Amino acid sequence: RVLFRSKKSAQTEDILGSFDEAFRHLESTLPDGYSMSDMGTFLEIDHKIPLAMATDENDLRRLAHYSNLQLLTKKDHLDKTRLDMAEIRKFKKNKLI
């Protein structure tokens with residue numbers, strides 16, 4: 001899904017932040033009983049505030065930073081995504097975007 005149709009204006013690490021810091025941050029959000037080896041099998045990376053909430057490129061850059069990421073179990077991620085989509089539709093309707 002493309003949020004903003006523009007040329008990539010920055011390198012991934014410029015937007016995400018340091019890969020090492022991002023990894024350490026994600027490790028700090030591990031749910032109890034899981035390890036980083038569970039990534040992709042039992043755990044997924046979630047944007048705490050969905051990228052779809054961005055209203056401009058500055059918002060998108062802020063929301064793409066590693067500090068807006070967390071690890072969730074696949075089930076919790078699916079449940080959160082369902083809730084997020086309802087909120088996004090409501091937000092966009094109210095903001096008329």
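**Entry: a threonine and its surroundings**

I began with the side chain of Thr73, which reaches the backbone nitrogen of Asp76 at 3.1 Å. For a polar contact I take a pair of N or O atoms within 3.5 Å; within protein, one must be able to donate a hydrogen and the other to accept it, and residues adjacent in sequence count only if both atoms are side-chain atoms. This is a predicted model, so local features need pLDDT of at least 70 and side-chain atom pairs count only at pLDDT 80 or more, while totals for chains, interfaces and linings use all residues. Residues are numbered from 1 along each chain as its sequence is written, and side-chain values use heavy atoms, with hydrogens and water left out.

I placed Thr73 in strand β2, residues 69-73. Helices (H or I, at least four residues) and strands (E, at least two) are DSSP runs, numbered from the N terminus.

Is Thr73 buried or exposed? I noted it as buried, because its relative accessible area is 13%; buried means under 20%, exposed over 50%, and partly exposed in between (1.4 Å probe, protein chains only).

Which residues does Thr73 touch, leaving out those up to four places away in sequence? I wrote down Pro31, Tyr34, Phe42 and Leu43, with contact meaning heavy atoms within 4.5 Å.

**Entry: salt bridges**

Next I looked for salt bridges, meaning a side-chain nitrogen of Lys or Arg within 4 Å of a carboxyl oxygen of Asp or Glu. The count by this rule is four.

One of them joins the side chains of Asp46 and Lys80, at 3.2 Å from N to O. This pair links distant parts of the chain, 34 residues apart: Asp46 sits in strand β1 (residues 43-47) and Lys80 in helix α4 (residues 74-95). I found both Asp46 and Lys80 buried.

**Entry: along helix α4**

I then followed Lys75, which forms a salt bridge with Asp79, with 2.7 Å between the closest N and O atoms. Lys75 and Asp79 are separated by about one helical turn because they are four residues apart in helix α4. I logged Lys75 as exposed at 57% relative accessibility, and Asp79 as partly exposed at 29%.

Asp79 also has a salt bridge with Arg82, where the closest N and O atoms are 3.7 Å apart. Arg82 and Asp79 are three residues apart in helix α4, about one turn of the helix. Arg82 is exposed, with a relative accessible area of 54%. Through shared partners, the salt bridges join Lys75, Asp79 and Arg82 into one network.
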